Amino acid sequence: MEWISAQPLPLVFGFAGLLGLLVLGSLAALVLPKLKPGVADDLGPRMKSWWIICGLVGGALLLGWQAFTILFAFISFIALREFLTLAPTRKEDRLVVLFVYFSVLIVYWAVWIDNFAYFLVIPPVYVFIATAMLMAFVGRTDGFLATAGIMQWGVIVCVFNLGHVAFLMRTPLAEVPEAGPAGLVFFLIFVTQFNDVAQYCWGKLFGRHKISPKVSPNKTWEGAIGGFLTTTVIFVLLAPYFTPLTFWPSVLVGLLLPVAGFFGDITMSAIKRDLGVKDTSGLLPGHGGALDRLDSLMFTAPLFLHALAYFSLERF
């Protein structure tokens, strides 16, 4: 009990609410397939994966920024590995691919030493330059531009963008006294994933009109709008407890975040269609791979941190 009481109150209530949602989801996974056969058959595997995901991320949050940084470095590595496994590369690219994997250490070392300027500049500028230099060094001329773009895309979305989540854990406690840095990160991940789940549920229940059948056949206007509105309301209601945002900035970020999550989802869907795969791997039953679960967070994490930096946080 002393350990629980030592945590910020919003974080404690956040974990309690999350536990309640997991229990409700697990009950729904038992009931819905019987009420609507064929509609929610994948909900059972999804919920089992959610329990594991929430346990790992929640445990790392409670252990502190060091454990969380290590966990997200590993998650970035898994996501990057999935991406490079699917991406069209050649044997002569092995040295370049090895360097791209090394970028995980470069990015998360910036988080570890708490150097935000280094974090912002190294991946998009110098990792990109070094990748092109290596490709020229090994004599990779055929498809040079396409391969360089693939490598940089992998570094940016799988490592750099996700690294923003870990950097939020380095926020000084004085700037987020209500929920603490862990509460800030919890809120970002919760709202992002809630948006995905809300879109999924609204789409399953009421989805009729598809948004982009060629890119993401399961995405409907009903699901997107329902998820967007629900997520915005949740964000604005909870933001005073988890973030230093005042009302109107929280409304703006609450409107933008679900849109960013939606486009992260369909952007990754477009990439998968281009590569001719449905899921990036089978790592998470009911979800697919790490990239399938993280696609929205890859777009919402930079937006959330930069919005906080603009409106509230002096740290960044």
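Visitor: Hi! Which residues have the most contacts inside the largest nonpolar core?
Guide: Phe 68, Phe 72, Tyr 108 and Phe 304 do, in a core of 87 residues. Bear in mind that this is a predicted model.

Visitor: Got it. And what gives the most to this core?
Guide: That would be helix α7, with 12 residues.

Visitor: Let's pick Phe 68. What does Phe 68 touch, not counting residues up to four places away in sequence?
Guide: Its partners are Val 57, Ala 60, Leu 61, Val 165, Ala 166, Met 169, Val 185 and Ile 189.

Visitor: Back to α7, then. Is Thr 147 buried or exposed?
Guide: Thr 147 sits in α7, which covers residues 144–168. Its relative accessibility is 4%, so Thr 147 counts as buried, the cut-off being under 20%.

Visitor: What is Thr 147 in contact with, leaving aside neighbours within four places in sequence?
Guide: Thr 147 contacts Asp 93, Met 135 and Arg 140.

Visitor: How about Gln 152, buried or exposed?
Guide: Gln 152 also belongs to helix α7, and with 12% relative accessibility it counts as buried. Beyond its neighbours within four places in sequence, Gln 152 is in contact with Pro 123, Pro 124, Val 127 and Phe 128.

Visitor: New topic: at what angle do the axes of α8 and α9 cross?
Guide: Roughly 155°, and the axes come within 8 Å. Since an angle over 145 degrees counts as roughly antiparallel, that is how α8 runs relative to α9.

Visitor: Which residue classes are in the contact of α8 with α9?
Guide: The contact has 16 nonpolar, 9 polar and 1 charged residues.

Visitor: And is the crossing left-handed or right-handed?
Guide: Right-handed, as α8 passes α9.

Definitions and conventions. Residues numbered from 1 in each chain as written. Predicted model: local features only at pLDDT ≥ 70, side-chain atom pairs only at ≥ 80, totals over all residues. Heavy atoms only, no water. Helix = DSSP H or I, 4+ residues; strand = E, 2+ residues; numbered from the N terminus. Buried < 20%, exposed > 50% of the residue type's maximum accessible area, 1.4 Å probe, protein only. Contact = heavy atoms within 4.5 Å. Core = buried A, V, L, I, M, F, W, Y, C linked by side-chain atoms within 4.5 Å. Axes fitted to C-alpha atoms, helices over the stretch in contact; angles between N-to-C directions. Parallel < 35°, antiparallel > 145°, perpendicular 65-115°, else oblique. Left-handed = near helix turned anticlockwise from the far one by under 90°. Nonpolar A, V, L, I, M, F, W, Y, C, P; charged D, E, K, R; others polar.
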